Structure formats: C-alpha cells, structure tokens
Amino acid sequence: MDAFARPHAMLQTVKRRLQLLGPLSQTDYFLTAVLLAIFKTFTEALGFVIFTDRFPPVWQLWLPKYSTFETLFSGAPDWFPPAYFVWSIPFAFLALSLSVRRAIDAGLSPWWGLWAIVPYANVLMFAALAFWPREVSSIEGSSLNDENNPEQRLNAETERWEKAHGSTAGTDIIALLMGPAMALFSMAFYVYGLGEYGIALFFLAPIHAAAWTAFLVNCRVYRGFLPSLGWAMLSAALGAFCLLAFALEGAICIAMAAPIVAILTLLGALLGWTISLAERQAFRNDRFYSLAPIALVLPVGGMIDACMFSPPLRAVRTVTIVDAPPEIVWQNVVSFPDLPAEREWFFDLGISCPVGATIEGQGVGAVRHCRFTTGTFVEPITAWNAPHRLAFDVREQPDPMRELTPWGHVHTPHMTQGLVCERGEFRLEPLPDGRTQLSGTTWYRLGLAPHGYWTMWSDVIIHRIHHRVLNHVRTLSESSENKPRTK
C-alpha cells in the first residue's frame with residue numbers, strides 16, 4: 001500500500017487545489033497558479049513550434065497585446081487562432097475560481113476574484129492575493145467547509161427564511177434584469193463610449209452578468225446550481241432581446257455571439273453560485289456592499305481594451321483550378337458580367353454578396369468597381385502584371401452585411417469599424433496541362449475580440465465570397481465561347 005500512498009496523496013492535493021469550492025491558502029494559490037501558467041505557456045510554445053516553426057516570446061504568451069497577435073499567429077494555419085482561444089477558456093475559468101477561493105480564505109469579498117480576467121490588472125491582483133494573510137474566522141465559518149451535507153442544511157435555511165420573510169419576487173426580478181442591464185450598459189459604454197468591441201464587451205460582461213444573476217437568485221433562498229444556470233441563461237436571452245428591440249444589434253450578429261455568450265454565461269453562473277455559497281451563513285444587510293470590488297471591473301477592463309486594441313492585419317486566401325490558360329482567365333478576372341441570381345442560402349441571411357465587377361482604365365492607376373448587394377467596393381489597381389497578378393487597394397467599401405431586424409435596417413458601429421478590407425489580389429499560375437491555378441486573397445482587419453473567436457466567422461464569410469467570385473470566373477473561362485478557337 002505504501003507504493004500507492006504518495007501518488008494518492010499527490011492526487012488529493014491536486015484535487016483540493018483545483019476543486020470549485022473551499023478556501024485556498026496563500027501557498028496553494030501561489031503554487032497552483034504558477035504551475036498552471038508554466039503548463040499553459042509550455043504547451044502553447046510547443047504548439048507554435050510545431051505549427052509555425054518558431055518559438056514566440058514568452059512575454060507575448062503571458063501578457064499578450066492585441067497589436068502583437070499579427071506577429072504571434074503569423075504563418076499559423078487558419079484553425080490555430082480559434083483553437084488557441086478555446087484552449088484559453090478553461091484556464092481563464094480556473095484563474096477566476098482560484099482567485100475567488102483565495103479571496104474567501106483571506107476574509108475578503110469573493111467578488112475580488114473576478115479581477116482575475118482583467119488584462120494586466122490581474123497581475124496586481126494575483127500578487128496581492130498570493131501574500132494576503134489568511135483569516136481563520138472566515139475559514140471556520142464558511143458554509144463551503146460544512147461536511148455534513150451542506151445542501152441539505154442550506155435547503156433547511158431556505159425553508160426557514162421563506163416562512164419568516166415571504167416572497168423573493170423582488171430579488172428574482174432584479175436577477176433577471178441583470179442581463180438586459182449589462183447588455184445596454186456594455187453597448188453604451190464600450191461601443192458608443194469607447195468605440196471598442198473588445199474583450200470587456202464579449203468576455204467580461206457576459207461572465208459578470210451571469211455571476212450577478214446566479215448570486216442574486218441564491219441571495220435570499222438557496223436554489224442550487226442548475227436553477228441558477230437556468231436563470232442566468234434566461235437573463236442573457238432577455239439581454240439579447242433588448243439589443244434587438246432597441247435596434248442596437250441585428251439577429252445575425254446576436255446569433256454569431258450566442259455560442260461564446262452561452263459558454264461564458266455557464267462559467268459566470270458557476271462563479272455566482274459559488275460566491276452565493278461563500279456568503280450563505282446568514283442574510284446580511286451589508287451583503288450588497290460586498291459587490292463593491294467589481295464596480296470598477298468593467299470600466300477598467302474597457303479602458304484597458306481601448307489602450308491595447310489594435311486589430312491585426314489578416315489574410316484569407318482561396319484557390320481554385322480553372323480548365324483554361326491564364327490569358328483567358330485574366331480577361332474574366334479584371335472585370336466580369338453579373339453573377340447568376342442563384343446564390344447560397346448563406347447570402348440570403350444578409351451577408352454582402354458579390355454581383356459583378358467593372359474596371360475604368362488599364363494598368364496601375366485604373367479603378368475597379370466590384371458591386372455587392374450592400375454597395376460597391378472601389379479598388380484602385382496597384383499591380384497589373386498580365387496575365388499573372390492583379391493587386392488593388394480598397395478605397396471604399398460597403399457594409400459587410402444587412403442585419404435581420406424588425407426595424408428594417410440597423411446600422412451598428414461594427415458595420416463600419418468591425419471588418420475593414422485594406423487590399424486584395426488575384427494570382428494566376430499556369431499549370432503544365434494548360435490549366436490555371438487561380439487564387440484570390442483579401443487582407444483585412446477585424447475590430448472585434450476575442451480575435452480567435454470572431455475570425456472563425458469572418459474567415460468563413462470571406463472564403464464564401466471568394467468562392468462565389470472564383471467559381472464565376474472559372475465558369476466564364478471554361479465556356480466554349482471564351483476558349484481560343486483552333487484553326
């Protein structure tokens with residue numbers, strides 16, 4: 001048995017450090033956070049070495065600035081940034097959970113732990129919590145350490161409270177309104193105030209709204225985690241409905257944001273429920289005073305976003321093979337007649353769809369007009385190497401989509417500052433069998449974060465647009481009337 005004693009003890013230590021509930025000492029907090037940071041950094045560095053053939057600077061992995069993303073993911077496959085984002089979510093939640101437990105152990109408000117996901121500020125919070133002394137009274141009195149079926153005891157408390165105080169309808173209504181309140185505040189402060197669609201809007205706000213909701217529904221009576229999650233999801237849905245009803249967003253963008261908001265609502269509800277357990281000993285009149293530590297989390301997070309955010313330049317390249325020589329394909333690349341009316345369901349949802357292209361002049365300095373369903377791209381030619389390369393800048397561009405909304409048309413700020421195309425090019429490479437490899441590339445900046453999540457959508461949209469144009473060029477080039485006639 002001695003052979004298994006040490007591994008079992010180590011397993012119990014890891015379980016104690018990573019569990020959701022229970023206070024956490026300075027030593028356990030410090031060692032766990034450092035070991036998780038080392039493991040995350042080593043694994044990410046290994047991934048970069050494997051998929052980009054280079055070792056990134058460690059400081060970029062620990063304290064990434066948005067402007068470094070362009071170089072950080074340079075040469076990586078398209079799936080790598082989204083995978084990096086998904087990989088980071090569990091570590092963000094562990095940072096939140098560990099910090100909440102350490103704050104409880106120190107006798108502080110558990111809400112201090114929510115600073116763990118505010119960039120740069122989280123470093124100061126980690127240093128403070130790592131050295132803050134323990135408070136024995138908070139540990140001994142915490143309901144999180146009750147080994148005699150804490151849920152049964154909390155349910156008994158709930159019954160006594162309901163008999164003494166009656167309905168909890170007022171608190172429940174406030175809990176439901178947290179989602180709409182957070183959605184409206186975020187749009188007003190981040191989007192229209194700071195002009196940013198950053199981490200604070202899409203990451204901090206959903207977690208905080210769900211944490212508040214889950215905390216409030218357990219504030220007076222204990223309901224448990226699953227009911228708390230249900231309330232948080234309903235509150236988030238009401239927030240999305242408010243954005244649609246007040247013409248602040250459209251249905252397509254809300255649907256795009258739904259997956260990440262749902263995941264973060266789950267994590268936020270888990271945190272809010274945990275905090276409610278930590279403060280569950282008895283209803284205290286100063287309980288809402290303990291929310292003070294998070295009053296500045298969202299504003300500070302937004303201002304850090306505004307200082308850090310610099311959308312990286314991203315390239316999307318799409319390739320097709322045309323059964324025609326480059327000389328023929330070139331004629332249909334420079335300008336082409338209107339595309340067929342039939343189009344994929346994807347574009348029927350409101351995504352901007354290419355219609356046709358014309359050109360004024362020839363050579364460098366000519367201006368190409370590429371018409372879309374939402375307007376026209378104005379593209380001055382910067383490289384004219386017939387019949388191999390056509391490059392252009394984007395001087396003007398229309399909205400990337402028309403939102404689905406009951407109000408007819410919604411022009412939200414991200415329509416103009418969200419996806420900004422800077423330049424593009426077509427390359428025609430002759431193949432030995434008389435065919436042509438035709439590729440189209442678009443360079444753009446996406447002013448939304450988390451970048452790894454939103455580029456999944458933007459890359460798909462641009463690839464679909466490329467495919468529609470390239471397939472049309474291929475059809476025109478391969479038609480018998482466009483092929484050279486043999487004498």
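Student: What is the make-up of the lining of the largest cavity by class?

Tutor: In this predicted model, the lining of the largest cavity has 16 nonpolar, eight polar and five charged residues. The lining comprises 29 residues, and Phe372, Phe377, Thr442, Ile465 and His466 lie nearest the centre of the cavity. Strand E3 (367-372), strand E4 (375-385), strand E6 (419-430), strand E7 (436-446) and helix H17 each supply at least two residues of this lining.

Student: What makes a space a cavity, and how many does the structure hold?

Tutor: A space is called a cavity because a 1.4 Å probe fits there but cannot get out. The search of the whole structure finds two cavities of 30 Å³ or more. About 420 Å³ of space lies in the largest cavity, and the cut-off for the search is 30 Å³.

Student: What is the volume of the second largest pocket, and which residues lie nearest its centre?

Tutor: The second largest pocket has a volume of about 810 Å³. A pocket, in contrast to a cavity, is an open set of points. The lining of the second largest pocket has 42 residues, with Phe202, Cys253, Ile254, Ala257 and Val261 nearest the centre. By class, this lining has 32 nonpolar, nine polar and one charged residues. Helices that each supply at least two lining residues include H9 (169-194), H10 (199-217), H11 (225-245) and H12 (251-278).

Student: Why is Phe202 called buried?

Tutor: A residue is buried if its relative accessible area is under 20%. The relative accessible area of Phe202 is 11%, so Phe202 is buried. Tyr197, at 2% relative accessibility, also counts as buried.

Student: Why is the pair of Tyr197 and Phe202 called stacked?

Tutor: Ring centres must lie within 6.5 Å for a pair, and planes under 30 degrees apart count as stacked. The ring centres of Tyr197 and Phe202 are 6.4 Å apart and their planes are at 25°, so the pair is stacked. Tyr197 and Phe202 also belong to one aromatic cluster with Tyr453 and Trp454.

Student: What makes the pair of Phe48 and Tyr84 edge-to-face?

Tutor: The search of the whole structure finds 20 aromatic pairs. For Phe48 and Tyr84, the ring centres are 6.2 Å apart and the planes are at 65°; planes over 60 degrees apart count as edge-to-face, so the pair receives that name. This pair links distant parts of the chain, with Phe48 in helix H2 (residues 26-52) and Tyr84 in helix H5 (residues 80-105), 36 residues apart. Both Phe48 and Tyr84 are buried.

Student: How do you know that Ser88 is buried, and which residues does Ser88 contact?

Tutor: Ser88 is found in helix H5. The relative accessible area of Ser88 is 18%, and the cut-off is under 20%, so Ser88 is buried. Leaving aside neighbours within four places in sequence, Ser88 is in contact with Lys40 and Glu44.

Student: Why does Pro299 count as buried?

Tutor: Pro299 has 18% relative accessibility, and buried means under 20%, so Pro299 counts as buried. Pro299 lies in helix H13 (residues 297-308) and touches Phe189 and Tyr190, not counting residues up to four places away in sequence. The C-alpha atoms of Pro299 and Phe189 are separated by 8.0 Å, although these residues are 110 residues apart along the chain.

Student: How do you know that Leu419 is buried, and in which strand does Leu419 lie?

Tutor: Leu419 lies in strand E6. Its relative accessible area is 12%, and the limit for buried is under 20%, so Leu419 is buried. Leaving aside neighbours within four places in sequence, the contacts of Leu419 include Gln397, Tyr444 and Ile462.

Student: What makes Arg423 a charge over a ring?

Tutor: The charged end of Arg423 sits over the ring of Trp443, 4.1 Å from its centre. The distance cut-off is within 6 Å. Arg368 lies over the face of Phe392, at 5.6 Å from the ring centre.

Student: Why is helix H14 described as mostly covered?

Tutor: Seven of the nine residues of helix H14 (residues 326-334) are buried. Among them are Pro326, Ile328 and Trp330.

Conventions: Residues numbered from 1 in each chain as written. Predicted model: local features only at pLDDT ≥ 70, side-chain atom pairs only at ≥ 80, totals over all residues. Heavy atoms only, no water. 1 Å grid on protein atoms, 1.4 Å probe; cavity = no way out; pocket = protein on both sides within 12 Å on 5 of 7 lines; lining within 4 Å. Points joined across faces, edges and corners; volume = space filled by probe spheres on them. Helix = DSSP H or I, 4+ residues; strand = E, 2+ residues; numbered from the N terminus. Nonpolar A, V, L, I, M, F, W, Y, C, P; charged D, E, K, R; others polar. Phe/Tyr/Trp six-rings, centres within 6.5 Å; stacked < 30°, edge-to-face > 60°. Buried < 20%, exposed > 50% of the residue type's maximum accessible area, 1.4 Å probe, protein only. Lys NZ or Arg CZ within 6 Å of the ring centre and 35° of its normal. Contact = heavy atoms within 4.5 Å.
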